[in-house]
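Please read the following report alongside the sequence and the coordinates. It moves from an annotated region to a contact between chains, and then to single residues.

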Amino acid sequence: MVAPILQVKDLRVDFNTYAGKIQAIRGVDFDLNAGETLAIVGESGSGKSVTTKTLLGLNAGNAELGEESQILYNGKNLAKLSEKEWEGYRGSEVAMVFQDPMTSLDPTMKIGNQIAEPIMKHHEVEKAEALAKALQLMKDVGIPNAEEHINDYPHQWSGGMRQRAVIAIALAADPKVLIADEPTTALDVTIQAQILQVLKKLQKKNNTAIIFITHDLGVVAGIADRVAVMYAGKIVETGLVNEVFYNPQHPYTWGLLGSMPSTKTESGTLQAIPGTPTDLLYPPKGDAFADRNVYGLAIDHEKQPPLFEVSPTHFAATWLLDDRAPKVTPPLEIQRRQAFWQTLENEGAK
Amino acid sequence: MQNPDAKKLVEIKDLNLTFNAGKSNATKAIDEISFDIYEGETFGLVGESGSGKTTIGRTILKLYDQDSGTITFDGQDLGQLKKQGMKDFRKQAQMIFQDPQASLNGRLRVEDIIGEGLDQVGYSKKRAEREAKVLELLKLVGLNKDHASRYPHEFSGGQKQRIGIARALAVQPKFIIADEPISALDVSVQAQVVNLLADLQKQNKLTYLFIAHDLAMVKYISDRIGVMHWGKLVELGTADEVYNHPLHPYTKSLLSAVPEPDPIVEKQRVIKPYDASFEKDGQERKMVEVEPGHFVLATPAEAEQYKAEQK
């Protein structure tokens, strides 16, 4: 067993604001292995974007990292790095693709130069050599007739092509870890599909580990090896992609799967999650999801549930998994998924 | 299923609209589009960004003037309406916008945001009656009277969108255009708003034009669906027909790219590419009814071919 490339331990991030202390991340642990894709799913305010910004040392000045929090990159703790030291990691070891390709490109700089810039900075090569590599990267991310377009400016390109350029920049310094924060949310479905294919192809070629942040469970199903579901600054369920989609245990995961239609969902069957996301200025004493949880127990309001083990790769933080908890019947959509999981297991046993 | 006796509420005929007409950057945003919206149904419009779906919605509300073609609402040609007629029309057709933050006046309290519409139509001069009506509307969208005296910034995105819906309902419209009404909302809240729209439709016999790029959501909420590409309507039919038996290669390509929350399905997904070049080959294409109620934009030969591919 190879050691994970990235280990996050007890990650806690608070933001000091005029209104008070917002506890954006409240104890997050996960590992990331080379070549795999971990999808982090959650709604706005769940802490998924703050998690990734913390991994890059990009949090705003009012952010405060927990005393015990560790971000181990190949065994070295990044949590205590100075801004100068971060520069040695950011881009070259861990790189990021943002949601909006227009705002993450420099409108006044030629695209070829934007891709060559990190190559020159991190590999200390001449401009001509960097530009040659930039051209190759443009071809790798699927920009047609790359030679003709290396001197174009971002405004000359469509949204999908710009996002390819952003990916090329992120990959320019051969990072081991790529963090993609909603990279396809601003794109049309057909373009989204192309960008996902590009990411998968390049991941295979370079053995890059990817952390993929999204709220779109359809995208997660297609790209992830493992999934972490975040709610109110905590991971509430994590497992292999099949475990989370076919054998979900946490009522919030049930809610997410039941509230997003697929093209096969029959009308009148969409189950909304009641209520609104939890206010992290005043996090509750018990389970943050308790107020919205139709399967909630009395203890949810008193005590935060630990992560219960479902399988060696699958964990969920819900008191429903405690031995003393009453047995509940999940929603129909989840029953259907769990029945399918049963057939998968039976086939596997054969 | 489409009721053959259903009344046409909105009839759009041979609509054309060009932005920057006569200039070098002229863009044909709506290109010879015709379709009808029946009373009580939800008509979904899908297509990639820039396909013209939002422009159609705005043109129906006369926020843009078309170059040619007619829009008929409840039997009246909107082009012929004078000032008073236009005012009456605006009572009957309302809009729900994408960004609930930007579409609510931040300096008005919720009761005035909703009450403004009531004042416009001269609902009542009595303060108490106006208040009562606002409360009734708030209740309708799942808010309560405590919310009436607050300002928009005190609400979450989903609640703001509920306020936007209450405002649209204040003038008792027949027809609502919802342009990406849920895309700015959290996933867990999207279903709440969609279910609310469906309930309100039933209670108030509303007709919706639902514009969105989330194809699964459009399928879920719509009775019939129109697919747009480059300003043209390329396919039209019931939601089930269009999604289960798509005819046009663009529709097929679009549907092949919709991700489903199912890892095994996703791992086997094959995306059908779409080569749009044939659209500009100069041949004349018309909407052909391939199956009853299911239309595709095609030449006679293409229509035969699409039909054969279905078999």
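Which residues of chain B does the UniProt annotation "domain: ABC transporter" cover?

## The annotated region of chain B

According to the UniProt record, an unreviewed entry, the annotation "domain: ABC transporter" covers residues 12-255 of chain B. The model described here is a predicted one, and in it the end C-alpha atoms of residues 12-255 of chain B lie 26 Å apart, while the span is 39% helix and 25% strand.

The size of an interface is often given as the accessible area lost when the parts come together. For chain B and chain A that buried area is about 3,100 Å², with 61% of it on carbon and sulfur atoms. On the side of chain B, the residues that lose the most area to chain A are B:Val187, B:Tyr220 and B:Pro261, which together account for 23% of what that side buries. Counted by residues, the contact draws 29 from chain B and 45 from chain A.

Polar contacts link 11 residue pairs between chain B and chain A, both residues of each pair being at pLDDT 80 or more. Four helices of chain B, namely α6 (187-204), α7 (215-221), α9 (249-256) and α10 (263-267), are the elements that give two or more residues to the side touching chain A. The largest share of that side, six residues, comes from α6(B). Sorted by class, the side of chain B that touches chain A holds 16 nonpolar, six polar and seven charged residues. One salt bridge is found across the interface of chain B and chain A; a salt bridge joins the side chains of A:Lys264 and B:Glu260, with an N to O distance of 3.9 Å.

## Helix α3 of chain B

Within helix α3 (residues 110-120) of chain B, the buried residues are B:Val110, B:Glu111, B:Ile113, B:Ile114, B:Gly115, B:Gly117 and B:Leu118. An α-helix has 3.6 residues a turn, so residues three or four places apart point the same way. The buried residues of α3(B) pack against two further helices of chain B, α4 (127-140) and α5 (157-169). Just after α3(B), B:Gly122 takes a positive phi of about 65°.

Most residues other than glycine have a negative phi, and most peptide bonds are trans. A:Asp174, although not a glycine, has a positive phi of about 50°. A:Asp174 lies in the loop of chain A between α6 (159-171) and β8 (177-181), and it counts as partly exposed because its relative accessible area is 40%, between the cut-offs of 20% and 50%.

In chain B, a positive phi, near 50°, belongs to B:Asp14, again a residue other than glycine. B:Asp14 is found in strand β1 (residues 8-19) of chain B, and with a relative accessibility of 34% B:Asp14 is partly exposed.

## A loop proline in chain A

A:Pro283 is located in the loop between α10 (251-259) and β12 (308-311) of chain A. Although A:Pro283 and A:Gln23 are 260 residues apart along the chain, their C-alpha atoms are separated by 7.5 Å. When residues up to four places away in sequence are not counted, A:Pro283 touches A:Gln23 and A:Arg26. A:Pro283 is partly exposed, with a relative accessible area of 22%.

Key. Residues are numbered from 1 along each chain as its sequence is written. Chains are lettered from A and ligands numbered from 1 in the order in which they are written. This is a predicted model: local features need pLDDT of at least 70, side-chain atom pairs count only at pLDDT 80 or more; totals for chains, interfaces and linings use all residues. Side-chain values use heavy atoms; hydrogens and water are left out. Contact means heavy atoms within 4.5 Å. Buried area is the accessible area (1.4 Å probe) that two parts lose on being put together, summed over both. A salt bridge is a side-chain nitrogen of Lys or Arg within 4 Å of a carboxyl oxygen of Asp or Glu. A polar contact is a pair of N or O atoms within 3.5 Å; within protein, one must be able to donate a hydrogen and the other to accept it, and residues adjacent in sequence count only if both atoms are side-chain atoms. Ala, Val, Leu, Ile, Met, Phe, Trp, Tyr, Cys and Pro count as nonpolar, Asp, Glu, Lys and Arg as charged, and the others, Gly among them, as polar. Buried means under 20% relative accessible area, exposed over 50%, partly exposed in between (1.4 Å probe, protein chains only). UniProt positions are given in the numbering used here, feature names are shortened, and annotations may be inferred rather than shown by experiment.
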